[in-house]
There are 2 protein chains.
Amino acid sequence: MSRWPVDARERLERAAIELFVEKGFAATTVPEITARAGLTTRTFHRHFADKREVLYAGNEIPEFTTRLIAEAPASWTPMRVVVDGLLAVAAARFEGRREDLRVRREIVRSDPGLGERDLRKWADVGSAGTAAFIARGVEPMRAALLAETAVTLLRVSVGEWLDSDDDRGLGEILRGAWEALRDATSLDGP
Amino acid sequence: MSRWPVDARERLERAAIELFVEKGFAATTVPEITARAGLTTRTFHRHFADKREVLYAGNEIPEFTTRLIAEAPASWTPMRVVVDGLLAVAAARFEGRREDLRVRREIVRSDPGLGERDLRKWADVGSAGTAAFIARGVEPMRAALLAETAVTLLRVSVGEWLDSDDDRGLGEILRGAWEALRDATSLDGP
């Protein structure tokens, strides 16, 4: 019993994902998840508000974003903060999880409500980044452009990474995306 | 009677917006909207699926985006298509409507469900733009970066335009936003 509480959250998460894949997200109930995990619904609700939050809780990218921007050296340009921050997010939250994230993406795609929750999640990252750049002294419109562009780079790169079957890491794809954007934003660019 | 059908849609829209401001979006009913407009609920449903769609129907930016990208000269760089397209969208759908759009923004901000509908609307514009650039022969990841960056430029610029009290038009703000993004995407930039 003694080590159960340590991995209860992870067992619930695994059981939930398995059931979402097998039965579909809408048809899966919390008691089914807890039965498969061998835990109680009380334990479930200590970790998650509802079954939807199994896919989102613990994935605090807005807070992580705020911290990365606040703690970046004052001498860095905002774009260096963005690129460095994106590589840090990729390393900490994405690399090594490609298969798992592919499975989660399929679940999100299968349910319109989850799709909206996903849009909200990315919008929250953009808002957190905007506020953090304003706190660094960046003018508000420029802060919003930088933060939303960072979200675009991350979303598009994650999509490419999950779609591709080659050995490129997310960091490498992110660098390529940023270079492509930099080149494209010139009217005279390719 | 004869000219009523022509402006029925506009009268319903005005009555709905007035009521959303006076009573709040959630508290307003379709019969109240039709009573104020002096029309029937049957007429309302000929124009709108529900009261939420009063704020979104007729605002076909995804279709407009697809057409602008498809019809741009083949010799143009994608970024020229983006900048030119954004100025066209600004002129056709935004300029001259600042007060009206401010009122609508307040309504959207007052209701979480409308906020999610708004995120969905912008996501649809990004998807339409991505597909249209792919149809022009742009590689998929680059197409997504261009389309999502265009959405960022438009969203951020519209926000700045609605927040500001000076005489700048949306087109002028869009040009400034694009220049700021172009300068910022260089690591050596300001």
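Domain bounds here come from an automatic or database domain assignment. This is a predicted model, in which local features need pLDDT of at least 70, side-chain atom pairs count only at pLDDT 80 or more, and totals for chains, interfaces and linings use all residues. Residues are numbered from 1 along each chain as its sequence is written, while chains are lettered from A in the order in which they are written.

**View 1. The two domains of chain A.** Chain A splits into domain 1 (4-55) and domain 2 (61-184). Their C-alpha centres lie 27 Å apart. Eight residues from domain 1 of chain A and eight residues from domain 2 of chain A make the contact; two residues are in contact if their C-beta atoms, placed from the backbone, lie within 7 Å.

**View 2. Chain A against chain B.** In this interface, 29 residues of chain A are in contact with 29 residues of chain B. On the chain A side, α5 (78-94), α7 (112-135), α8 (140-163) and α9 (170-184) each supply at least two residues. Helices (H or I, at least four residues) are DSSP runs, numbered from the N terminus. The most comes from α8(A), with eleven residues.

**View 3. Ala91(B) and its surroundings.** Ala91(B) sits in helix α5 (residues 78-94) of chain B. Ala91(B) counts as partly exposed because it has 13 C-beta neighbours inside 10 Å. The cut-offs are 20 or more other C-beta atoms within 10 Å for buried, 12 or fewer for exposed, and in between for partly exposed, with C-beta atoms placed from the backbone. Ala91(B) and Leu170(B) are 79 residues apart in sequence, yet 8.1 Å apart in space, C-alpha to C-alpha.
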